[in-house]
Amino acid sequence: MAEHLHIAAGDKDERYRALLPQLEALLAGEPDPIARMANAAAALAATFGWLWVGCYRVIGDELVLGPFQGPIACTRIGHGKGVCGTAWARNATVVVPDVDAFPGHIACSSAARSEIVVPLRDAAGRVTGVLDVDHHLPAAFDAVDAAHLEAVARLIGGFPLNTPSPDDIKDIA
């Protein structure tokens with residue numbers, strides 16, 4: 001098992017492209033979703049140095065805090081509540097350039113200025129959790145982050161990078 005990631009300096013697209021195959025190798029063969037979430041959060045935090053990165057798991061009608069890197073976080077979030085609950089309800093990635101402008105934003109950290117949340121899905125396309133990332137700067141996330149973090153979400157879900165995700169299959173049908 002590798003102890004260190006090898007990420008060369010570059011723009012964020014280049015860093016994601018360097019990270020993804022290493023993360024795929026790290027998570028390959030690991031059946032436990034909590035372990036996959038933990039290593040993915042650690043790898044993303046080490047690569048990008050964001051304010052907060054972690055996962056919430058769907059348990060009943062709530063998102064429950066899972067593995068994360070960063071300051072103390074909200075423990076439970078209702079379906080459709082805040083950015084995380086909205087991404088879960090929509091089953092879609094939500095990019096928020098200014099968290100103060102997002103209706104119903106849940107301020108787990110007053111230092112967060114922007115956020116991106118990506119659903120984690122099972123093989124049937126059901127949301128099983130979310131990957132949540134906060135940044136201390138406004139407008140820190142864009143389509144580049146969305147595309148690559150959706151790939152990370154597939155890896156967390158146990159899907160290899162070179163196979164279609166449940167969303168890809170729906171889009172083709």
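**View 1. H148 in helix α4.** H148 sits in helix α4, residues 143-156 (helices are DSSP runs of H or I with at least four residues, strands are E runs of at least two, and both are numbered from the N terminus). This is a predicted model, where local features need pLDDT of at least 70, side-chain atom pairs count only at pLDDT 80 or more, and totals for chains, interfaces and linings use all residues. Residues are numbered from 1 along each chain as its sequence is written, and side-chain values use heavy atoms, with hydrogens and water left out. With a relative accessible area of 10%, H148 is buried (buried is under 20% relative accessible area, exposed is over 50%, and partly exposed is in between, with a 1.4 Å probe and protein chains only). Skip the neighbours within four places in sequence, and H148 is in contact with D13, Y16, R17 and L20 (contact means heavy atoms within 4.5 Å).

**View 2. The largest nonpolar core.** This core holds 28 residues, and L23, L44, W50, L131, L149, V152 and I156 touch the most other members (a nonpolar core is a set of buried Ala, Val, Leu, Ile, Met, Phe, Trp, Tyr and Cys residues joined through side-chain atoms within 4.5 Å). Elements giving two or more residues to it are α1 (12-27), α2 (33-48), β1, β5 (114-121), β6 and α4. The top contributor is α4, with 7 residues. Another core, of 19 residues, lies apart from it and includes L63, C84, V96 and V130.

**View 3. Around W50.** What does W50 touch, once residues up to four places away in sequence are not counted? The list is Y16, L44, A45, V133, D134, H135, F141, D145 and L149.

View 4. Strands β1 (residues 52-59) and β2 (residues 62-69) run antiparallel and are joined by 6 bridges (two strands pair if DSSP finds at least two bridges between them). Y56 has L65 in β2 as its bridge partner. Their hairpin has 2 residues between the strands, and G60 takes a positive phi near 65 degrees there. Next, β2 pairs with β3 (residues 76-78), again antiparallel, over 3 bridges, and V64 stands opposite R76. That hairpin has 6 residues between its strands, with G70 in the turn at a positive phi of about 135 degrees.

**View 5. Two loop residues with positive phi.** Most residues other than glycine have a negative phi. N91 is not a glycine, yet its phi is positive, at about 50 degrees. N91 lies in the loop between α3 (82-90) and β4 (94-96) and is partly exposed at 24% relative accessibility. A139, also not a glycine, has a positive phi of about 50 degrees. A139 is in the loop between β6 (127-135) and α4, and is exposed, with a relative accessible area of 54%.
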